[in-house]
Amino acid sequence: MTSRTVTLLDVARTAGVSKSTASDALQGSGRVAEATRDRVRAVAEELGYRPNSAARRLRRSSTGAIGLHLPQTATRLDYYMNLAFGAVARAQEDGFDVVLLAPASTMGGAGGAGGATGPGGASGPVASRVDGLLVIDPEVGDSAVPGLLDAGVPVVTGERYLGPTAAPTGAVICDNAASLTALLDHVTDRGARRPAVLAPAGTSAWATALRATAASWGQEHGVDVALRTVPFAATPGEAEETTLALLRADPAVDAVICAPDGAAPGVLRAAATLGRTVGTTASDRTDSAASDRTDSTAASDRTGEEPSTPGPGPRPRTPLLVASCVDGTATRSAEPPVTAVDLRPAAYGRACAELLCDILAGRTPPDTVRRHAWALETRASTTAGPA
């Protein structure tokens with residue numbers, strides 16, 4: 001079979017099946033027994049069969065592409081770039097290119113590359129350019145999202161859409177309430193008694209879940225969590241400004257959990273400005289204070305004098321624990337490195353693209369919701385005191 005191009009008919013004859021069965025087996029569609037599907041795929045690999053993607057697309061009126069819509073702030077954030085790379089890699093495995101939908105085009109702006117034009121967008125350019133859509137962290141306030149959900153092609157969202165428009169065809173979600181709960185539990189286990197959360201503004205499921213969780217966790221644990229709202233894609237400078245105002249107004253805050261990707265170094269700068277040591281726990285402070293009291297009492301017993309009281313000099317400032325809801329280069333390379341939730345963005349992008357590919361190929365029914373796992377990475381900003 002090396003002297004000419006191997007055809008689908010060659011694969012079918014060698015595998016002992018019809019051409020249509022061979023096609024269904026290779027595309028993952030139709031009702032084909034698993035053993036038959038495996039045999040056909042093994043034969044195709046052995047013969048070196050390469051499907052004619054252009055002909056396949058013509059037969060099924062496919063564009064061979066899927067669209068990817070990211071939040072408007074995504075270009076500044078590590079997280080979304082890694083997510084996009086993961087989605088592209090997984091889509092290519094099913095023969096799809098990925099078209100990045102710019103905000104102007106998805107909102108039907110003049111001169112845009114083409115996108116949904118709002119409700120009734122099935123007749124707009126998006127449906128003619130792609131076979132399906134990935135819509136990541138859709139916000140209720142994003143005017144492009146309703147048109148994308150109504151574009152007439154399958155849509156998979158990364159996180160749920162909380163708006164009133166038509167539901168997506170599928171979704172991949174993280175348990176964002178659980179990840180913030182894990183961070184709050186971690187800093188309190190390390191001795192924090194007055195944690196604060198810099199939660200993102202906006203109407204995405206992620207932002208909404210973090211704000212609600214900060215409040216509900218505080219009520220459940222009888223802890224007054226200081227909640228401050230910052231932009232969805234807050235810069236380190238914005239996080240620094242908010243943290244400075246917070247710590248000056250409420251010096252008792254002994255832990256700051258920063259939500260936005262890449263903003264945690266701003267919290268560290270604010271701590272340094274105010275002379276707050278990062279990484280020493282409240283329990284360390286308690287042990288130190290107890291030791292000081294013990295030493296003072298022992299000295300008074302030896303001398304018969306009353307224990308001395310602190311002089312008029314400046315009191316040591318309360319140390320600060322720092323953590324982030326999103327891991328990335330900024331948290332890993334910070335000094336000290338910052339404890340963070342690893343949302344595994346590349347794997348998340350793959351999961352979103354995989355679900356869309358499975359729906360397009362008929363391997364998975366519509367209305368499927370899959371869950372994506374995260375991991376807590378503990379580092380020196382919450383686990384180690386100064387040397």
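Mentor: A helix here is a DSSP run of H or I with at least four residues, and helices are numbered from the N terminus. The model we are looking at is predicted. Helix α5 covers residues 78-93, and Arg 90 and Glu 93 both lie in it.

Trainee: How far apart are Arg 90 and Glu 93 in helix α5?

Mentor: They are three residues apart, so about one helical turn separates them.

Trainee: What makes the contact of Arg 90 and Glu 93 a salt bridge?

Mentor: Their side chains come to 3.8 Å, N to O. The cut-off is a Lys or Arg side-chain nitrogen within 4 Å of a carboxyl oxygen of Asp or Glu, so the pair qualifies. In general, side chains of opposite charge can pair when their charged atoms come close.

Trainee: Why is Arg 90 called buried?

Mentor: Its relative accessible area is 7%. Buried means under 20%, so the label applies.

Trainee: How do you know that Asp 94 and Arg 363 meet in a salt bridge?

Mentor: The N to O distance between their side chains is 2.8 Å, and the limit is 4 Å. This pair links distant parts of the chain, 269 residues apart: Asp 94 sits in the loop between α5 and β2, Arg 363 in the loop between α15 and β11.

Trainee: Why are Asp 94 and Arg 363 called partly exposed?

Mentor: Asp 94 has 23% relative accessibility, and Arg 363 has 35%. Partly exposed runs between the buried limit of 20% and the exposed limit of 50%, so both values fall in that class.

Trainee: What other salt bridge does Arg 363 form with Asp 358 as partner, and at what distance?

Mentor: The side chains of Arg 363 and Asp 358 meet at 2.8 Å, N to O. Asp 358 is at 9% relative accessibility and therefore counts as buried.

Trainee: Which residues are linked with these in a network of salt bridges?

Mentor: The network holds Arg 90, Glu 93, Asp 94, Arg 350, Glu 354, Asp 358, Arg 363 and Arg 370. The count for the structure comes to 13 salt bridges.

Trainee: What makes Tyr 79 and Tyr 80 an aromatic pair, and of which kind?

Mentor: Their ring centres are 5.0 Å apart and their planes are at 85°. Centres must lie within 6.5 Å, and planes over 60 degrees apart count as edge-to-face, so this is an edge-to-face pair. Tyr 79 is buried at 9%, and Tyr 80 is buried at 2%.

Trainee: Why is the pair of Trp 206 and Phe 232 given its class?

Mentor: The centres are 5.4 Å apart and the planes are at 80°, so it is edge-to-face. Trp 206 is in helix α10 and Phe 232 is in the loop between β7 and α11, 26 residues apart. Trp 206 has 9% relative accessibility and Phe 232 has 11%; with the limit at 20%, both therefore count as buried. A search of the whole structure finds two aromatic pairs.

Trainee: What makes β5 and β11 paired strands?

Mentor: They share four bridges in the parallel sense. One of the bridges joins Gly 170 to Thr 368 in β11.

Trainee: Which strands are at the edges of this sheet?

Mentor: The open sheet has six strands in the order β2-β1-β3-β4-β5-β11, with parallel pairing. The edges are β2 and β11, each pairing on one side only. Neighbouring strands are turned by 20° on average, direction ignored. Helix α15 lies across β1, β3, β4, β5 and β11, at about 160° to β5.

Trainee: Which residues touch the most other members of the largest nonpolar core?

Mentor: Tyr 80, Leu 134, Leu 180, Val 197, Ile 257 and Cys 325 do, among its 47 residues. Helix α15 gives the most to this core, with seven residues. Cys 325 touches residues including Leu 180, Trp 206, Ile 257 and Val 341, leaving aside those up to four places away in sequence.

Trainee: Where is Ser 62, and why is it called buried?

Mentor: Ser 62 is in the loop between α4 and β1. Its relative accessibility is 13%, and the limit is 20%, so the term holds.

Conventions:
Residues numbered from 1 in each chain as written. Predicted model: local features only at pLDDT ≥ 70, side-chain atom pairs only at ≥ 80, totals over all residues. Heavy atoms only, no water. Pairing = 2+ DSSP bridges. Helix = DSSP H or I, 4+ residues; strand = E, 2+ residues; numbered from the N terminus. Axes fitted to C-alpha atoms, helices over the stretch in contact; angles between N-to-C directions. Contact = heavy atoms within 4.5 Å. Phe/Tyr/Trp six-rings, centres within 6.5 Å; stacked < 30°, edge-to-face > 60°. Buried < 20%, exposed > 50% of the residue type's maximum accessible area, 1.4 Å probe, protein only. Core = buried A, V, L, I, M, F, W, Y, C linked by side-chain atoms within 4.5 Å.
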